[in-house]
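Please look at the structure first.

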Amino acid sequence: MQPTVLPSPPRVGMVSLGCPKALVDSERILTRLRADGYGLSPDYEGADVVLVNTCGFLDSAKEESLEAIGEAIAENGRVIVTGCLGREAEMIRARFPQVLAISGAHQYEAVVGAVREAAPLPPSPYVDLVPEAGLKLTPRHYSYLKISEGCNHRCSFCIIPSIRGDLVSRRPDAILREAEKLVAAGTRELLVISQDTSAYGLDLAHRAWPWKGNEVRAHMTDLARELGRLGAWVRLHYVYPYPHVDRVIALMAEGLVLPYLDIPFQHASPPILRAMRRPANDARVLERIRSWRAICPEIAIRSTFVVGFPGETEADFEYLMDWLDEAQLDRVGAFRFEPVAGAAANDLPGAVPVAVKEERYARLMEKCATISAAKLRAKVGHAIDVIIDETDGEGGATGRSKADAPEIDGQVHLRDAAERAPGDIVRVTVEDADEHDLFGAPVLS
Ligand code: SF4
C-alpha cells in the first residue's frame, strides 16, 4: 500500500507588536489558523503570507507598526494587517497599497478569512491537531489570561475605549476552563490581563455560573480565588484601588494569589488626576496601601506614572514626588506625556516643555530607583521563591520572584542552578541586590 502523502499546507508568518493584550490576540489567531490546518513559519522566507498584528496606541507605536508592515512587504510581499492600527485602514492603504487585507483589534474571523483567501488550503481530509492549550507566543511556563476586553472609563489621555469599546467580560467558567487547560499543558504562572481587572464582571451584573459543582460569580474576587486553586502562580495586572480590591489582598495573604498588584496610578496630584479623569481617583489611596501592607506585608506594588501631563506644575510634580516617598512602591515605570491622536487631553492647556518633561522624568526615575534599591537590599540574606525563566547552559539561570512580572519588572540571577529548568519554582537565598535585580543561589536541601 502506498503511504498517504499529505499536501503541505500553506505557512503563515506572524509579527506581533504591542501590549500583552495584543499578544493574546496573536495567540488566538494562530491557534485558529493551526486548527484550520495552516503551518507556521518562523521567518519571512518560508511564509506564504505574513500577518502583522499592529499597535496604534502612541504615535511612536504607530510608527513602529508602519515600519513592521514596510519590512514585511519588502521581505515577503504578501502581507495582512490586523490589530489596533487597523482602524486607520485608509492611512495604511495610502502608504502600502500592496497590503492584502486590513482588520481591527480582535477581529479574528476577518483575519482568518483574509488568510484563507490569500493562501487557500489544499483540499485534505486531515487537519493538524492543536495542542490542548492552544498555541502560545509566551514561554510554556507562563501564560497571559485575558478576562475582558474594552473599558468603561474615559481617561483623557487614552483612546483605548474608542478602539476597543466598552467593557465586555468573558464568562468566569470559560476563563477557568482556559486556565485549567493552560495549567495542564505546563503553565506555572497565569498573568491576568484586561484594561481594568477590578471592573471584571460589571457588564455581566456579576452573575454566577456553575463551576465544579459550585457557583462562581463574574467578579474579580471569585475569579481570583478559583484561579488560585488551580495550583499555578496567579498574577493580577491593571487593577484600580476600588474598595472591593481589599478582599483580593486577603487572598494574597492566604497564598492563593501572588502578593503582587499592578496598579497604574499615573499621578498623585488631585488636579492632575481630575484632568486625567482617572478611575478610583481617591485622595486616601495612601491609607489603602498602608492597610494592604498590614493585611499582606509581602505585597509588591507596581505602578506606572505619566510626567509632563498638560497643566502639570512644579507643585503638582513635587506632590507626586512626596507621595512616592510615602507610598514606597516596589516597582515603577514612567512615561513622558505624549499626545495620542484623538485623545481628549490633547486639547488641554498648559503643555509642558520637552526639557521640563525630561528633567521631571529623570528625577522621578532616580527616586524610584533609590526606593527599589533599598527594598531589594532588605531582601539580602532571606530566602524567596523564584520561577526559572532561562538557564544559560553553564550552571547559571535567570528567574523572577513573586514580586516580578515577566518583561516589565526585575530578575533574579542564580548561580549553581545547573539542575534547574524553565518553569521550576526554586527556593533561593538572596546574596546581593542592585537597583532592579537580585542575585542568589538555590537553597541546598
Ligand atoms: S482605565 Fe483609562 S487608561 Fe485604562 S484603558 Fe480605560 S480609559 Fe484607557
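Phenylalanine 309 is buried, because 27 other C-beta atoms lie within 10 Å of its own (buried means 20 or more such atoms, exposed 12 or fewer, partly exposed in between, with C-beta atoms placed from the backbone). The model is predicted: local features need pLDDT of at least 70, side-chain atom pairs count only at pLDDT 80 or more, and totals for chains, interfaces and linings use all residues. Residues are numbered from 1 along each chain as its sequence is written.

Phenylalanine 309 sits in the loop between strand 14 (300–307) and helix 11 (314–327). Helices (H or I, at least four residues) and strands (E, at least two) are DSSP runs numbered from the N terminus. Arginine 87 also counts as buried, with 20 C-beta neighbours inside 10 Å. Its place is the loop between strand 4 (79–83) and helix 3 (89–95).

| Residue | In contact with |
|---|---|
| Phenylalanine 309 | His267, Ile272, Ala275, Met276, Phe337 |
| Arginine 87 | Gly56, Gly104, Ile163 |
| Alanine 224 | Val234, Leu236, Val248, Leu251, Val257 |

Alanine 224 belongs to the largest nonpolar core, which has 108 residues. Such a core is a set of buried Ala, Val, Leu, Ile, Met, Phe, Trp, Tyr and Cys residues joined through C-beta atoms within 7 Å. Leu145, Leu190, Ala224, Val234 and Val248 touch the most other members. Helix 1 (residues 20–36) gives the most to this core, 6 residues.

Key. Contact = placed C-beta atoms within 7 Å. Lists of a residue's contacts leave out its neighbours within four places in sequence.
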